[in-house]
Amino acid sequence: MQIKEGGQAHLGEILRLTSRGRAALDAGDGPAALEALQRKHNLVRKSFGDDHPSTGASWVDLGRAYELAGEFDEARAAFEEAQRINQSCGLHPHQLTLLEDGLKKVNARRGHTFAVEMISKAQIERLRGEGDDAELMRACAQDEQADLLMRSGRFAEALPLALDSLAIFERRAPNGVDEGICCRYLMIIHRGLGNLAVAAEFGRRGAACLANARPGSESAITLADELAVTLTLLAVERGDPLLASEALNLSVGALELAEAKLGEKHKASLRIRSNRAEMASRLSHLCANALRAAPQGEASSVEVEVALPTRLFISHRYSDSCSRNALLKALPSYVHPVVFEPVSVSISEFVSEKLISGVLGADGLVAIDSEESNASFWTAFERDLAMRNGKPLFAFDPKSDELRRHSVELAQLMVAHCWHPDDRTDVDRVIQYLADERGFDVFGDVKRWWRRRQTASIWGLPASRRDQALLVLRSLGANYLVFASQAFLEDKLLVKHAAEQLAGYPESTLLCWLDDPSSVDEPPVPFREADGARVVTFSRRPSSRDFRVTEIDDLMVRLYWLTHQRRATKAQSL
């Protein structure tokens, strides 16, 4: 692809503006970068046209400038143009890496963690194909992917990625910053997996790397604080006063260094102070120094300022825009707010993957405490999901502009189920996921079922006990899940029972098709006429290799919606 006629005259100015714009990017000066790179981009398009690799590289630079300047919609549009050009004629590998990194950043800002994960996986495989020359870049990309998985609580998936990255850093850049940060990730992963002793060893190793490569840096201070938290948990587990004393001393040192280097109100200082108060409470029975380590006197005035997470999901009703804007203005500059796009479809059309990955991929959630936002089903779901998965919760009062720590009363998610024995493998996978991954209480204590390798079902009870059990469970707020299939429809007693439930208790009965309804024999009328909001159809059998668990999350959202609808109806009747 050749330069356009007359374009040669602009090359000198293009090179000058590129150099100036990229220097501003490196310096973190968004406005200066944007000014230079916008001018350069106009000249590039005049010189090379809209479909040249040089234009694609210019879109990448411009997207990075928009992102740095906080203009995220414009950044996303620029990166998407670069992606279009890359698909047609290819970009230089370095520019392609910058493009992938840019797309990950703008998608993370929108709460599209699922998209970040897909881009990251593709990037890792591309870099793997480039061999040894791209090995360090691949290790860094794998570390980022491990961090994303950790924040979503997927520690087992993160572990092999981080271990592979560590082996590369040990070989290519030993005892450096990257090795230290990778050890930090491995500490958090093993802590999440309950391997506290292994976590502590990785934490100590990472601290040594950062003390050697970047002493007194924010990353070294943060790792010291997280190591103190890990040692606290290990001390409590073992009842070890020496570990307790080590944890407290490490925390005290980290706080002193943070306040001296970064300032009392820096995010690291606030978080260390908050963690230290929790540590003092946990270790008071093991170490006499614990109470002295708790924030006291003048220092405690800093503690009242909330230490917010970096990636903060904003839970609000989209019509409540004034409250949202007030919150965004009140947030500290270090917070990256995740503002999810409005849910504009009905519950029967909603696909859960984006929203769930957005909440779980954030470091915490802030709820707008207003009458309008509090009344929304989606905000109730987001807050419950975050708290159920151990995310820090905060609330913002738009009347006083106050940010405070927050908690919500978790919904009682109970489910009983009815199924045909031929569908046992599929039903087991669904029920196990709801119980183990999404916190549902399933009739019969599902965890005991897995150990005994059998599954209980309401249908397995004698008729009198079954009806009595359903009555009691529904009075407690349980939903009844009917797993329908061709085999199910061929069992007249099962069909009669399920039809009675669908017709008599539509507010608490959900029909879940394991087979495509259009492929089975004519279903009975109550099956055909069930409200679409109370019907879920899997695209394939849950036991199949290509089944995606996100479809079970769609089912989970629907079950939560049924529970929320009944609670709202009950509240209105009081």
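Predicted model: local features only at pLDDT ≥ 70, side-chain atom pairs only at ≥ 80, totals over all residues.
Trainee: Which residues line the largest cavity?

Mentor: The lining consists of F381, D384, L385, R388, L413, R438, M556 and Y560. The volume of this cavity is about 40 Å³, where a volume is the space filled by probe spheres set on the grid points, which are joined across faces, edges and corners.

Trainee: Which helix gives the most to that lining?

Mentor: Helices (H or I, at least four residues) and strands (E, at least two) are DSSP runs, numbered from the N terminus. Here α19 (377-388) and α26 each supply at least two lining residues, and α19 gives the most, with four.

Trainee: How should I read the second largest pocket, and which residues lie nearest its centre?

Mentor: That pocket holds about 710 Å³ of space, and of its 24 lining residues, E117, R154, E157, R438 and V549 lie nearest the centre. Among the helices, α6 (113-129) and α26 (550-573) are two of those that each supply at least two residues, and α6 gives the most, with five. By class, the lining divides into eight nonpolar, seven polar and nine charged residues, counting Ala, Val, Leu, Ile, Met, Phe, Trp, Tyr, Cys and Pro as nonpolar, Asp, Glu, Lys and Arg as charged, and the others, Gly among them, as polar.

Trainee: Why is strand β9 largely enclosed by the rest of the structure?

Mentor: In a regular strand the side chains alternate between the two faces of the sheet. Buried means under 20% relative accessible area, exposed over 50%, and partly exposed in between (1.4 Å probe, protein chains only). Five of the five residues of β9 (residues 509-513) are buried, so the strand is largely enclosed: T509, L511 and W513 cover one side, L510 and C512 the other.

Trainee: Which strands pair with β9?

Mentor: Two strands pair if DSSP finds at least two bridges between them. Strand β8 (residues 479-484) runs parallel to β9 and is joined to it by five bridges, with A484 partnered by W513. Strand β10 (residues 535-537) also pairs with β9 in the parallel sense, over three bridges, and there C512 has V536 as its partner.

Methods. Residues numbered from 1 in each chain as written. Heavy atoms only, no water. 1 Å grid on protein atoms, 1.4 Å probe; cavity = no way out; pocket = protein on both sides within 12 Å on 5 of 7 lines; lining within 4 Å.
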